[in-house]
Amino acid sequence: MFESVKSALGGSGVAVEDGGLILISETATTSASGLLTHFLASGVTNSHPVCFLTMQHTWGHYCNIGSKLGFNLKQHSDQSTIKVIEGLKLLNEVLDGGIEDIEDHPFAFILKTCEDPLRNLYKLIKQTVQPWRDDCKYFLIIIENITSLLNLGIQTKDIAIFSHYCKNLIHIGPNNASDSLIVVTRDDEKDEDASSLTKIISHSAVMHMSLRGLSSGLSREVHGDLKITVFNGLGPHQCLPVVHYFQFKLEDKNMKLFAPGTSANVL
Amino acid sequence: MSGPGVVSSFQKKGKTKVVSIPGTRPSIHNSQLLLSCGIPSLDYLIGGGLPVGSIILIEQDRYDVYSKLFLKYFLAEGVMNNHMLTLASLDVPPQAITSDLPAPTDTEPEEVSAASKQMTIAWRYQSKTSQPKTSVGNRFGHNYDLTKSMGTELTSNIDMALWDGSELEEGRGMLKNKNYWSLLQVIKKRIESSNLATSSNKAKTNVLRLGLHSVGSPLWGSEFGYQEKDHKWQSLTTFLFMLRALVRTSFSVCMVTVPAHLFTDPALLLRLQALADFVVRLESFQGSEKETNPVFKDYHGLFHIVKLAAINSLVPPILDSTDWVFKLKRRKLTIERLHLPPELSETVNRNQEDPLNKPIGLSCIGGNLPKNLDF
């Protein structure tokens, strides 16, 4: 858990435990691993169960980052406090052809065109979180890089429906408490589908954290910009979303956030 | 902070788990197993080498001259370390590439000469052996000579598979394109047959190097029609995604070159970039205005580093400069920092007008100053 990210979120008045959909968008060259690690770690330290669907990276990638920060994520996944659905492994299973009943596989759509390509994937997530839902426990669902499904030839509308279904999984309890869903998208302006998908998902989000590389190129001290937009839909009046700007720097064991223009390079 | 590629001389005491795969070394930053891509300067830029399980994407220069050299270096390094190789190409016959790999220049000739030489002055040191030899069995990176091609005696005992699209299966589902589907099957079978997948428990003694040349060129399929907005290129992105899944879960590294200047839809390139771990773009000066620009007279092209991924860590490899160029000497290809040529004459007068409209961010003088300034 990174202190500066925590305080940045606290400053914007959003606690992850409040629930709702949090959207993180990255670009092709800027990775959201840092923020995801933060949410994974905060889930682990507060002993919330996490369902983690990875598409872009392997689970080992996050385990290695976690072990540097002092979290044994592997152990948590063995104890199934973190349940991992690893997209890259599932894709390999499809390619192997060793599965007898391909119909029920989450990535069956690669080999067979079907009507609702993401239905099986949704079912798998639902199955995973069902015990927690039954116990009325607070839990997190993290979907890493939902836009990589576009690469597999899935339409924007299907992914939008999928994310909406996932959002319905984080049910509203009796006292208006909701679980959390964190979705990562890739948002490059030139990729129309990806950026329209980002807009669609951000419409139903409580917060949008947008990571972007510096427009002026690479830098040693600053790795990119972070823009946090908080949509306050529950307020008494229709308010404009609150926007906070930060710059960030990734270190081996930390993600540093600071106000734009206050990097070590400048000061 | 230590730069990438700097190897610490401190070593752990006691027996460490020795990785016995030739031509690899562990990274000092994230204990990732690294492989050389054949060009030491490129290894340096990407943090010491290519991590096992990663994909490097090279956006070709327009005439595919230099990108082919990168691929050849990559394969030659595999030959020298007895790695398994797979080369796929439709634009040129893969045999043409493998028959013309650069020859290694440092094959230990010193041994004989040193022993036979009689010392006349410092004769006391005769009995002392010269420098302790670096372990020959496990060398990381070699030097190559582009003027000679590698002998067949080196390449013949390598486990090499060439794919030229002659054996095709029908594509399925999202991978309708026959070429991509068949190539994926070939790669999968090779990984399986030699137990390179991380899921198999056998000890790994070798690494698979995958070289894919000019993927996405028109010869790979007719997806590049006029209606690109229909995303007919999803076969290509699906292919690369599946390839990523294969490479990540096995002991293999992959170098893909793509003719990026043929892609008219920018979304395609962005998606390919997102799927690869390292992305570099070669911008050769051939046929461009920059060829005659005095600023670039020592170099052959610009080397853009588009993406460096952080694998198993948060921090990507750090670069100390943003402007890189590549230079093809007679015997080798190197990547260097861009320096302006020294101005040797006493009066500053370049007889050629700077043909670049924008001098690459070096001066902040406006464009419309008088030519001769009087002081």
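**Entry 1**

I began with an open sheet of three strands in chain B. The model I am reading is a predicted one. The strand order is 1-2-3, and the pairing is antiparallel. Which strands stand at the edges? I found strand 1 (24-26) and strand 3 (50-51) of chain B there. Each has a single partner strand, so one side of each is left without a neighbour in the sheet.

I then looked at how strand 1 of chain B is held to strand 2 (residues 33-35) of chain B. Three bridges join them, and the two strands run antiparallel. I noted one pair: B:Pro26 has B:Leu33 in strand 2 as its bridge partner.

**Entry 1: strand 9 of chain B**

Next I turned to strand 9 (residues 208-213) of chain B. Six of its six residues are buried, so strand 9 is largely enclosed by the rest of the structure. I checked which way the residues point. B:Leu208, B:Leu210 and B:Leu212 go one way. B:Arg209, B:Gly211 and B:His213 go the other way, and all are buried.

Which strands pair with strand 9 of chain B? I found strand 5 (residues 84-89) of chain B, joined to strand 9 by six bridges and running parallel. Here B:Thr86 stands opposite B:Leu210. I also found strand 10 (residues 252-258) of chain B, paired with strand 9 in the parallel sense over five bridges. In that pairing, B:Gly211 has B:Met255 as its bridge partner.

**Entry 2: strand 3 of chain A**

I moved to chain A and looked up strand 3 (residues 82-86). This strand is mostly covered, with five of its five residues buried. Both faces are covered. A:Ile82, A:Val84 and A:Glu86 lie on one side, and A:Lys83 and A:Ile85 lie on the other.

How many bridges link strand 2 (residues 50-54) of chain A to strand 3 of chain A? I counted five, in the parallel sense. One of the pairs puts A:Thr54 with A:Glu86 in strand 3.

I looked inside helix 3 (residues 59-69) of chain A for buried residues. They are A:His61, A:Tyr62, A:Cys63, A:Ile65 and A:Gly66. What covers them? The cover includes helix 2 (33-45) and helix 4 (73-78) of chain A. Just after helix 3, A:Gly70 takes a positive phi of about 95 degrees.

I followed up on helix 2 of chain A. Its axis and that of helix 3 of chain A come within 11 Å and cross at roughly 65 degrees. The two helices are therefore roughly perpendicular to each other. Their crossing is right-handed. From helix 2, the contact uses A:Ser33, A:Thr37, A:Leu40 and A:Ala41. From helix 3, it uses A:Tyr62, A:Ile65, A:Gly66 and A:Leu69. By class I noted five nonpolar, three polar and no charged residues.

**Entry 3: helices 8 and 9 of chain A**

The axes of helix 8 (residues 156-169) and helix 9 (residues 192-203) come within 10 Å and cross at roughly 25 degrees. Are these helices of chain A roughly parallel or roughly perpendicular? Angles under 35 degrees count as roughly parallel. Helix 8 and helix 9 of chain A are therefore roughly parallel to each other. Helix 8 passes helix 9 in a right-handed crossing.

I listed the residues that meet. Helix 8 brings A:Thr156, A:Ile159, A:Ala160 and A:Ser163. Helix 9 brings A:Asp193, A:Ser196, A:Leu197, A:Ile200 and A:Ile201. This contact has five nonpolar, three polar and one charged residues.

**Entry 4: two positive phi values**

Most residues other than glycine have a negative phi. I looked at two residues with positive values. A:Ser80 is not a glycine, yet its phi is about 50 degrees. I found A:Ser80 in the loop between helix 4 and strand 3 of chain A. A:Ser80 is exposed, with 12 other C-beta atoms within 10 Å.

In chain B, the phi of B:Asn82 is near 60 degrees. B:Asn82 lies in the loop between helix 2 (66-80) and strand 5 of chain B. B:Asn82 is partly exposed, with 17 other C-beta atoms within 10 Å.

**Entry 5: where the chains touch**

Last, I looked at the contact between the chains. It takes 36 residues from chain B and 36 residues from chain A. On the chain B side, helix 6 (178-193), helix 7 (234-248), helix 8 (266-275) and strand 12 (301-308) each supply at least two residues. Which of these elements gives the most? I found that helix 7 of chain B does, with nine residues. By class, the chain B side has 20 nonpolar, 10 polar and six charged residues.

How values were computed
Residues numbered from 1 in each chain as written. Chains lettered and ligands numbered in written order. Predicted model: local features only at pLDDT ≥ 70, side-chain atom pairs only at ≥ 80, totals over all residues. Contact = placed C-beta atoms within 7 Å. Helix = DSSP H or I, 4+ residues; strand = E, 2+ residues; numbered from the N terminus. Nonpolar A, V, L, I, M, F, W, Y, C, P; charged D, E, K, R; others polar. Buried ≥ 20, exposed ≤ 12 C-beta atoms within 10 Å, placed from the backbone. Pairing = 2+ DSSP bridges. Axes fitted to C-alpha atoms, helices over the stretch in contact; angles between N-to-C directions. Parallel < 35°, antiparallel > 145°, perpendicular 65-115°, else oblique. Left-handed = near helix turned anticlockwise from the far one by under 90°.
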